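Please walk through this protein with me, from the overall fold down to single residues. Keep the model open as you read.

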Amino acid sequence: MTTLERRGPALSLRLNFDKTKPIPLYEQLRVQLVALLKERQLPPAQRMPSARSLALENGVSRTTVEESYNALVQEGLLVRVPGSGTYVAPVPAGLQYAMKGVQAGIGSGPSSIHHRNCGAPITSLVVETEKFGKDWNLAAKNVLRKFPRRLLEYGDPLGQLGLREQIAHHLAKRRGILCDPEQVVITSGSQQAIYLTLSVLLQARDRIVVEDPCYQNTVDLLRFQKLDIIPVPVDEHGLVVKRAPPAQAVYVTPSFQYPLGVEMSLERRLQLLAWAERNDAWIIEDDYGSESIYQSCPETSLFTLSNSRQVIYMGSFSRTLFPGLRLGYMVLPASMVDAFARLKGLIDRETSGWNQLLLEEFLRNGKIDPYIRRTWKAYDRLRTVFIQAAETHLSDKLVITRKSAGVFATFFLRAHCNDVAIAKHADDSGLLVRALSPCYLTAQPRYGLLVYYHTVCLDTYERQVRGLARRILQCEADGHMG
């Protein structure tokens, strides 16, 4: 049990670590500290233990504590005071509202309940972990051997120029996006990219159109910014643009819509650009899923179609490689670079310079494309065997919405069973399952399941699918109806 006891000016924290789990120790520490913050056991302005003392008390390395502290500083939950130490952030009214919302769901209605069941697990595309580890370690050795002086100093808030050049090259080759490296901004993941974009472009009570259903973490962030959220339905061709009223911005995931997995058609993309032109609105294009499309080429990006005028394009290597990397990026219209640079410098002096140099080395050596190709083949095989088993054992219970790509399959439930109850108790099937209905912002959500392929075992997938079928039957028998 995690305990708190006051000793002098700082706290002594005795925490729980399980070194047998695949979860990194710094992430185990971060999760426990966030829980204490939510429970108000760490009050605002409370001084935290030094990294050295916390590491000694819990038998972990000082680096582990520093990584966790740095992550919480970036999230705005801790602050560093030079010459004094690390403190729990003073909580303004907006942050109190946001932290309460993490526990109970920000706002009200179906979109704010069962938060843990509607978040997307950030899964790595890397499937050959041993081979990847060797290549990644080699890149790390090369960076350490060179050890540029800039690792010891603050860098450009927009990101290391070498990495921005590599990302510009990567986007030109893989997505046909032609941009100057000066238009690329490195961020600490995609959520920070969204936060920066909202903060620069919009003000409280501005109207923003979002896909319905939508990724719940993004919706919570929009609410935190006090924006007027306008849900617009998604069909098999993407966002139904003709249903979108005037607004100052729109947030879309056109390459691989979460959670339905559909791709926005070229016709809808052109309609959306025309809508933005009429309304003098910004398009926030979250292209997190383009690397997950392995059976066809994704449609031309909105950024390219717009000639980079009204579109903020963003992506993340947290999904392309692995989530612990914590590196995302944006491509901006040239006219907006200075405004983003000023805000990035204020809230996050620089995204991890070490991780940037490591990724730059990995990209420069041409290591990423072979991994993407091999993981495409691996996930395509998993998808094929899983869909075949699902059609055999679940066709009377589920309707599959797409079969083309990605790391998860989206199903609609034929009966109005409680998908949250099914997802909550699906662990015994051996599958990672998320409920669909909490992702809807409308009063009448659709019931369904998101089943992730990366937990499918080729040797036992039929048993896993039969286990899921039993769970659905059990929920029906128990009266868990929507």
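Predicted model: local features only at pLDDT ≥ 70, side-chain atom pairs only at ≥ 80, totals over all residues.

Residues are numbered from 1 along each chain as its sequence is written, and side-chain values use heavy atoms, with hydrogens and water left out.

The protein has 17 helices and 16 strands. Both are DSSP runs numbered from the N terminus: helices are H or I with at least four residues, strands are E with at least two. Of the 482 residues, 54% are buried. Buried means under 20% relative accessible area, exposed means over 50%, and partly exposed lies in between (1.4 Å probe, protein chains only). The protein exposes about 21,500 Å², and carbon and sulfur atoms supply 52% of that area. Accessible areas come from the Shrake-Rupley method with a 1.4 Å probe; for residues, only the protein chains shown count as cover. A contact means heavy atoms within 4.5 Å. Among contacts with a separation of 6 or more, 70% come from residues 24 or more positions apart.

Now find the sheet. It is open, has 8 strands and mixed pairing, and its order is β5-β12-β11-β10-β9-β6-β7-β8. Two strands pair if DSSP finds at least two bridges between them. Strands β6 (residues 207-212) and β7 (residues 228-235) run parallel and share 6 bridges. Helix α8 (residues 190-201) lies across β5, β6, β9 (249-252), β10 (282-286), β11 and β12, at about 160° to β11. Axes are lines fitted to C-alpha atoms, for helices over the stretch in contact, and angles run from 0 to 180 degrees between N-to-C directions.

Next comes a hairpin. Strands β3 (residues 78-81) and β4 (residues 85-88) run antiparallel and are joined by 4 bridges. Leucine 78 has valine 88 in β4 as its bridge partner. There are 3 residues between the two strands, and glycine 83 in the turn has a positive phi of about 80°.

Turn to the aromatic rings. Rings of Phe, Tyr and Trp (its six-membered ring) pair if their centres lie within 6.5 Å; planes under 30 degrees apart count as stacked, over 60 as edge-to-face and the rest as tilted. By this rule there are 8 aromatic pairs. One of them joins tryptophan 136 and phenylalanine 362 edge-to-face, at 5.0 Å centre to centre with 65° between the planes. Tryptophan 136 lies in helix α6 (residues 129-146) and phenylalanine 362 in helix α14 (residues 353-364), so this pair ties together parts that are 226 residues apart in sequence. Tryptophan 136 is buried at 11% relative accessibility, and phenylalanine 362 is buried at 0%. Phenylalanine 362 also stacks with tyrosine 371, at 6.1 Å centre to centre and 25° between the planes. Tyrosine 371 is buried too. Elsewhere, Tyr215, Phe256, Tyr258, Phe408 and Tyr452 form one aromatic cluster.

Alanine 469 lies in helix α17 (residues 461-477) and is buried, with a relative accessible area of 11%.

Finally, check the backbone. The peptide bond between aspartate 212 and proline 213 is cis, with omega about 15°. Proline 213 sits in the loop between β6 and α9 (216-224). A cis bond also runs from tyrosine 258 to proline 259, with omega near 15°. That proline 259 is in the loop between β9 and α10 (266-279). Arginine 205 has a positive phi near 75°. Arginine 205 lies in the loop between α8 and β6 and is exposed, at 61% relative accessible area. Arginine 326 has a positive phi near 55°. Arginine 326 lies in the loop between α12 (317-320) and β12 and is partly exposed, at 38%.
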